[in-house]
Amino acid sequence: MIRTIEAIIGEINKVKNIIVVGHIMPDGDDISSVLSLTMGLEKFGKNVRAVIDDKIPGYLEEFPFVKEKIKSYDCISKFPAELIISVDASSPDRIGRVYDHFKYARSVVIDHHATNTYFGNVNWVDRFGATAQMVLRLNRMLEIEYDSDLATANLLGIATDTGFFRYSNTDATVFEDVAWLVSKGGKIGLISNMILENKPLEHLKLYKDFLDEMKLENNNSIAYSHITLDMLKKYNILPKDSPSFVGELRAIKGVEVAITFSEAEPNVYHVSMRSKDWFDVSKVAVHFGGGGHPRAAGFSKETDNLEKLEKDVVRTIMSLMESYK
Ligand code: 5GP
Ligand code: MN
Ligand code: MN
């Protein structure tokens, strides 16, 4: 691990202009990793463009420094990048059009997904709870000074990818990193208020419809439901701001696997899967062309037959469940 970080530092030291890129459908760890690496590299004296080739959900857009620092694809069209650092993305398709620029620059991949395809010139893929923990290690090796803003930005991803320190990826390094970041002024209260206590009322109304559509399978061990564009429209919710409620389904007693099918564009569904204790949902995601972690994974699929897609996914999970017996 140390040697890989040293190789990354070698790449950084050689250049002036760096693109930091996060994944499409950005989540808290992605935003946090992009933001804290960008802030760190700027403190290190580099010219940095932070880019995500997708819309950012409202609750993350409101987070300090996001609007100011993270821009859309156009911001890199004339930027003479010598190095591109991808964070929290497991494969090239996850960074959208930014991957086209890999032809013209050196590239570094920093990620914590076991399904990573090693698509950079230098790849640091490790089993941390959050990519933000890896950025913290890189920043600390670069001897970046942490103030309260940087500590808060870096803390965000560790909090969100561990479900606020509840999931099984919450190991001792998570608590060590959090203790260190809080000692530097990281505001965990601000993060939990912005992420957990900031739900638009319309999301709760949508949740009622989502529950009405929920189905249980395999002796109630699989719970699934969907959010269609029509359901979002009813409550004036934009697709980029769509909640997934997949955690709520997993929380049901007896449920091992929860799935939410969310229509992102007409007839294009993002499928989010979560498991509670033993089932590896990343295998299902890879089977359908996506990726992720054993307890949280996903993929996207184009279809005009949602019911068939639901059945295919549930059937695949049920047959994989058989192989555990
Ligand atoms: P979510 O269900 O929250 O969208 O994603 C859960 C996990 O699966 C995340 O770690 C995310 O990076 C991964 N994931 C979700 N969708 C995809 C996808 O389409 N492709 C890949 N490779 N990973 C995905
Ligand atoms: Mn992510
Ligand atoms: Mn992550």
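Y99, F102 and F119 form one aromatic cluster, in a structure that holds 15 aromatic pairs; rings of Phe, Tyr and Trp (its six-membered ring) count as a pair if their centres lie within 6.5 Å, and planes under 30 degrees apart are called stacked, over 60 edge-to-face and the rest tilted. This is a predicted model, in which local features need pLDDT of at least 70 and side-chain atom pairs count only at pLDDT 80 or more, while totals for chains, interfaces and linings use all residues. Residues are numbered from 1 along each chain as its sequence is written, chains are lettered from A and ligands numbered from 1 in the order in which they are written, and side-chain values use heavy atoms, with hydrogens and water left out.

**Aromatic rings**

- A pair of aromatic rings is described by the distance of the centres and the angle of the planes.
- Y99 and F119 make an edge-to-face pair, with 6.3 Å from centre to centre and 75° between the planes.
- Y99 lies in the loop between β4 (83-87) and β5 (106-111), and F119 in the loop between β5 and β6 (122-125), so this pair ties together parts that are 20 residues apart in sequence; helices (H or I, at least four residues) and strands (E, at least two) are DSSP runs, numbered from the N terminus.
- Y99 is partly exposed, with a relative accessible area of 34%, whereas F119 is buried at 10%; buried means under 20% relative accessible area, exposed over 50%, and partly exposed in between, with a 1.4 Å probe and protein chains only.
- W124 and F128 also form an edge-to-face pair, at 6.5 Å centre to centre and with 80° between the planes, and both of these residues are buried.
- R140 lies over the face of W180, at 3.8 Å from the ring centre, and R250 lies over the face of Y167, at 4.8 Å from the ring centre; a charge sits over a ring if NZ of Lys or CZ of Arg is within 6 Å of the ring centre and within 35 degrees of the ring normal.

**The manganese ions**

- The manganese ion (ligand 3) has D29 (OD), D88 (OD), H112 (NE2) and D161 (OD) as its protein donors, lying 2.2 to 2.3 Å from it.
- H112 lies in the loop between β5 and β6 and D161 in helix α6, so the pair ties together parts that are 49 residues apart in sequence.
- H112 is buried at 5% relative accessible area, and D161 is buried at 18%.
- D88 bridges ligand 3 and ligand 2, and these two manganese ions lie 3.6 Å apart.

**Nonpolar cores and their surroundings**

- The largest nonpolar core has 52 residues, and those with the most contacts inside it are I12, L41, I70, I85, I110 and L138; a nonpolar core is a set of buried Ala, Val, Leu, Ile, Met, Phe, Trp, Tyr and Cys residues joined through side-chain atoms within 4.5 Å.
- Helix α6 (residues 148-161) supplies the largest share of this core, seven residues.
- A second, separate core of 21 residues includes Y224, F279, L309 and V313.
- Leaving aside neighbours within four places in sequence, I110 is in contact (heavy atoms within 4.5 Å) with residues including I85, D88, W124 and L138.
- S107 is found in strand β5 and counts as buried, at 3% relative accessibility.
- Beyond its neighbours within four places in sequence, S107 is in contact with several residues, among them F102 and F119.

**Annotated domains**

- The UniProt annotation "domain: DDH", from an unreviewed entry, covers residues 17-158, a span that is 32% helix and 19% strand, with its end C-alpha atoms 27 Å apart.
- UniProt, again in an unreviewed entry, places the feature "domain: DHHA1" at residues 224-315; this span is 30% helix and 33% strand, and its end C-alpha atoms lie 12 Å apart.
- UniProt positions are given in the numbering used here, feature names are shortened, and annotations may be inferred rather than shown by experiment.

Key:
Donors are N, O and S atoms within 2.8 Å of the metal (3.2 Å for Na, K and Ca); water is not among the atoms, so sites may look incomplete.
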